[in-house]
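Thanks for coming. I will go through one structure today, starting with its strands and then moving to its helix and its charged pairs. Please have a look at it first.

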Amino acid sequence: MSTEHVERLRLRHRPDDLFELVSGVQAYPDFIGPITAMRVRENRFEGDARRLVAEARIRFKFVRERFVTEVVSHRAERRIEVGFLEGPFHDLANHWRFVELSDGSTLVDFWIRYHFDNPLLQMLLDANRARAVRYLVSAFAAEADRRYDTMGAVELDLTAEPAFARGA
């Protein structure tokens, strides 16, 4: 059975900047510690969407793995969908959505679903799921602070409902 996790937070950066940061997978090894290498196998446009096939190598303590994902970026909608192609997972999918708020900041909606083939890896990640996801989201927030003008600090906003959830 797959595990799911959702994070919603408000970042004081422009949604287009955050979209660029997350869709720029080639730079992940520069600011996400466990990702030791990233290679883009395919990069093409399909209509208004950009489709990448990316191979990541990760290392965390005694675990070293390689996996391949498909990353589809929809610039006009500020939405990024990630799907699993190869690697140690039985299932892996996630999405990012960036909704501009009235003050110019961004509501970031991050969702992930995963299930490892290896029960030990599944147990390890499940035991630290919230911490692992917050680490990942925090790494993106810190990189955004480094790259872009900021309007203030990061705030958790767990009560906000993004426009796409309301059908807007």
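Before the strands, one term: two strands pair if DSSP finds at least two bridges between them. Please also keep in mind that this is a predicted model.

With that term in hand, take β5 and strand β6, which covers residues 89–100. These two pair in the antiparallel sense, over 5 bridges. One place to look is R79, which stands opposite R97 in β6. Another is E81, whose bridge partner in β6 is H95. The hairpin of β5 and β6 has 2 residues between the strands, and in that hairpin G87 takes a positive phi near 130°.

How many of the 12 residues of β6 are buried? The count is 10, so the strand is mostly covered, where buried means under 20% relative accessible area.

β6 also pairs with strand β7, residues 106–116. Here 11 bridges join the two strands, and they run antiparallel. H95 comes up again: H95 stands opposite W111 in β7. So H95 is the bridge partner of E81, and it also faces W111, as the strand pairing is assigned by DSSP bridges. The hairpin of β6 and β7 has 5 residues between the strands, and G104 takes a positive phi near 95° there.

Back to β5, and its pairing with β4. They run antiparallel and are joined by 7 bridges. As an example, the bridge partner of S73 in β5 is I80. This hairpin has 4 residues between the strands, and R78 takes a positive phi near 50°. Please remember R78, as I will return to that residue.

Next, the helix. Which residues of α1 are buried? They are P15, D17, L18, F19, L21, V22 and S23.

The side chain of D16 meets that of R78 in a salt bridge, at 2.8 Å from N to O. D16 lies in helix α1 and R78 in the loop between β4 (63–74) and β5 (79–86), so the pair ties together parts that are 62 residues apart in sequence.

E20 has a salt bridge as well. Its partner is R75, and the closest N and O atoms are 2.3 Å apart. Why does this pair tie together separate parts of the chain? Because E20 lies in helix α1 and R75 in the loop between β4 and β5, the pair links parts that are 55 residues apart in sequence. E20 is partly exposed, with a relative accessible area of 32%. R75 is partly exposed too, at 49%.

The last pair is E55 and R57, whose side chains meet in a salt bridge at 3.3 Å, N to O. Is E55 buried or exposed? E55 is buried, with a relative accessible area of 6%, while R57 is partly exposed at 41%. Salt bridges that share partners join R39, R41, E55, R57, R66 and E86 into one network. In total, the model has 24 salt bridges.

That is the end of my part.

Terms used. Residues are numbered from 1 along each chain as its sequence is written. This is a predicted model: local features need pLDDT of at least 70, side-chain atom pairs count only at pLDDT 80 or more; totals for chains, interfaces and linings use all residues. Side-chain values use heavy atoms; hydrogens and water are left out. Buried means under 20% relative accessible area, exposed over 50%, partly exposed in between (1.4 Å probe, protein chains only). A salt bridge is a side-chain nitrogen of Lys or Arg within 4 Å of a carboxyl oxygen of Asp or Glu.
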